[in-house]
Number of protein chains: 2
Amino acid sequence: MNKPLILVTNDDGIIAPGIRKLVEIASELGEVVVVAPDSPQSGKGHGITIHDPLRLKKVKVFEGIEAWECSGTPVDCVKLAKHVVLKNRTIDLCVSGINHGSNASINIIYSGTLSAAMEAALENIKSIGFSLDDFSFDADFAPATPWIRKIMQYALEKPFESGNLLNVNIPKLPADQLKGLRVCRQADGRWVETFVEGRDPSGHPYYWLSGQFVNQDHAEDTDIDALKNGYISIVPSMHDLTNYKAMGSLKALEQI
Amino acid sequence: MNKPLILVTNDDGIIAPGIRKLVEIASELGEVVVVAPDSPQSGKGHGITIHDPLRLKKVKVFEGIEAWECSGTPVDCVKLAKHVVLKNRTIDLCVSGINHGSNASINIIYSGTLSAAMEAALENIKSIGFSLDDFSFDADFAPATPWIRKIMQYALEKPFESGNLLNVNIPKLPADQLKGLRVCRQADGRWVETFVEGRDPSGHPYYWLSGQFVNQDHAEDTDIDALKNGYISIVPSMHDLTNYKAMGSLKALEQI
């Protein structure tokens, strides 16, 4: 049997330690091709580049692995991978990450890592976003490694619902304190923001986004609860934003 | 009673004709404050600016209306409006648009217009994204005007479910052919992409995103179907991307 083809991307950029670890794990399970941003793209959400051309350059970053860096967003990377780099091939799995920092709860909509995974899912490619709850450049990905391998193996073997992706978040814990996997829903948390105001060297004002994640959802079936209790959270996610529950009460709008 | 406070934003930029029309309608219904991007931000999705400072400048663009242009994304605009420009005030409604081009179906996740509305909804502000199915700069917003006014009036008067927003799309039709409003779900369509490949003046290759929207979802309860039949589509939308239907079949993952 041919080796499965695994596309690897991220939003922290092609030289981040997190993607290096993901490439290492993926290359044990299949043929790996990397298409990742040439610079950090955190918080780019599902942004795409429409008004400018994109650059795509073959690079030697990972020993023995085909790798391309792209000037665009994480979603651009997936589009270029699908339509240019791997044009005539079938991608069996797309993995994005390992993100330096959690993408649990509402972070899925801001995250370039998860948006890349979402874009692959829209192309009917099985897709997983991995994130470690540690923003540090020197984050220790070792405790998470066997779990990431198992989840990728599962994804390669089992059928996925079309358009589905997995949002996997890993707590920052030593290996012997990681309790296992929990399938859960996205917690209803949000960011409470402040802007740091200042003056640039020319005396002009600027505003710099800062903020704190606040979880107001304390139910036990959420990703935040899983992480808090030492579990790796897995949220099956998709692209339909329709609020079906709200449709009934809005029917009155049709009569105005 | 005090006039309601209405925040107006968009993704086509503060000088686009679409936002001018929206400001005109909103100012008949309340006190309007505009915070909008200083340049076109189409396709920016839910992108935010983390690694750079933002600029915010008071401008005279609309006669008698407080207006600010911002160097960031549409979501940045809403965050700045909430936390800086209107810091100590209650925003009664946020309207985003009128977008030059449809944001029906999957376009909601790429659209800066809708992401701005989504961000307001996350802040528990009633929120509506308006889009006209006409990309032209000279698009005729007149036929849509009475409908937009009615929907805004409805939103100001009725309670909204927390975190909910309305994705309103208007077909490009003369007034006498607009049949009314239809509450519907997001059609399961997607973009089929190609990249235009070329060489820049220095001889280096570039890739420019191009593509075509394809709807594979031909049910009658979708926004695409409503638009096709001459109706204005209204999709109640929200931020929970959890695929609840997929949770059961994934439970096996907890045992690996």
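This is a predicted model: local features need pLDDT of at least 70, side-chain atom pairs count only at pLDDT 80 or more; totals for chains, interfaces and linings use all residues.
**How the two chains are related**

- Two copies of a chain are related by a rotation about an axis and a shift along it.
- Here, chain A is superposed on chain B by a rotation of 180 degrees, with 0.0 Å of shift along the axis and an RMSD of 0.0 Å.
- This is the relation of a two-fold axis.
- Both copies use the same surface, as 100% of the contact residues of chain A recur in chain B.

**Helices α2 and α4 in chain A**

- Two packed helices are described by the angle between their axes and the distance between the axes.
- Helix α2 of chain A covers residues 74-85 and helix α4 of chain A covers residues 112-122.
- The axes of α2(A) and α4(A) come within 7 Å and cross at roughly 30 degrees.
- Angles under 35 degrees count as roughly parallel, so α2(A) and α4(A) are roughly parallel to each other.
- The crossing of α2(A) past α4(A) is right-handed.
- On the α2(A) side, P74(A), V75(A), C77(A), V78(A) and K79(A) take part, and they meet G112(A), T113(A), S115(A), A116(A), E119(A) and A120(A) of α4(A).
- Sorted by class, the residues of this contact between α2(A) and α4(A) are six nonpolar, three polar and two charged.

**How enclosed α4 of chain A is**

- Helix α4(A) is largely enclosed by the rest of the structure, because 11 of its 11 residues are buried.
- The buried residues of α4(A) include L114(A), A117(A), M118(A), A121(A) and L122(A).
- Also buried in α4(A) are G112(A), T113(A), S115(A), A116(A), E119(A) and A120(A), the residues that meet α2(A).
- Just after α4(A) comes N124(A), which takes a positive phi of about 60 degrees.

**Helices α1 and α5 in chain A**

- Helix α1 (residues 17-29) and helix α5 (residues 145-157) of chain A have axes that come within 10 Å and cross at roughly 45 degrees.
- The two helices α1(A) and α5(A) are therefore oblique to each other.
- Helix α1(A) passes α5(A) in a right-handed crossing.
- From α1(A), the contact draws on K21(A), I25(A), A26(A), E28(A) and L29(A), and from α5(A) on T145(A), I148(A), R149(A), M152(A), Q153(A) and L156(A).
- The contact of α1(A) with α5(A) has six nonpolar, two polar and three charged residues.

- Helix α2 of chain B (residues 74-85) is mostly covered, with nine of its 12 residues buried.
- Those buried residues of α2(B) are P74(B), V75(B), D76(B), C77(B), V78(B), K79(B), L80(B), A81(B) and K82(B).
- Helix α2(B) packs against helix α4 (residues 112-122) of chain B at an angle of about 30 degrees, and their axes are 7 Å apart.
- Helices α2(B) and α4(B) are therefore roughly parallel to each other, and their crossing is right-handed.
- P74(B), V75(B), C77(B), V78(B) and K79(B) of α2(B) meet G112(B), T113(B), S115(B), A116(B), E119(B) and A120(B) of α4(B).
- The residues in this contact of α2(B) with α4(B) are six nonpolar, three polar and two charged.

**Two residues of chain B to look up**

- L209(B) sits in strand β10 of chain B, which covers residues 205-215.
- L209(B) counts as buried because it has 23 C-beta neighbours inside 10 Å.
- Beyond its neighbours within four places in sequence, L209(B) is in contact with I48(A), T49(A), I50(A) and K79(A) from chain A, and with E193(B) and F195(B) from chain B.
- T194(B) is 15 residues from L209(B) in sequence, and the two are 6.5 Å apart in space, C-alpha to C-alpha.
- N124(B) lies in the loop between α4 and β6 (127-132) of chain B.
- N124(B) has 13 C-beta neighbours inside 10 Å, so N124(B) counts as partly exposed.
- D92(B) and N124(B) are 32 residues apart in sequence and 9.6 Å apart in space, C-alpha to C-alpha.

Conventions. Residues are numbered from 1 along each chain as its sequence is written. Chains are lettered from A and ligands numbered from 1 in the order in which they are written. Axes are lines fitted to C-alpha atoms, for helices over the stretch in contact, and angles run from 0 to 180 degrees between N-to-C directions. Helices (H or I, at least four residues) and strands (E, at least two) are DSSP runs, numbered from the N terminus. Angles under 35 degrees count as roughly parallel, over 145 as roughly antiparallel, 65 to 115 as roughly perpendicular and the rest as oblique. A crossing is left-handed if the near helix is turned anticlockwise from the far one by less than a right angle, and right-handed if clockwise. Two residues are in contact if their C-beta atoms, placed from the backbone, lie within 7 Å. Ala, Val, Leu, Ile, Met, Phe, Trp, Tyr, Cys and Pro count as nonpolar, Asp, Glu, Lys and Arg as charged, and the others, Gly among them, as polar. A residue is buried if 20 or more other C-beta atoms lie within 10 Å of its own, exposed if 12 or fewer, and partly exposed in between; C-beta atoms are placed from the backbone. Copies are superposed by least squares on the C-alpha atoms of residues with pLDDT of at least 70 in both.
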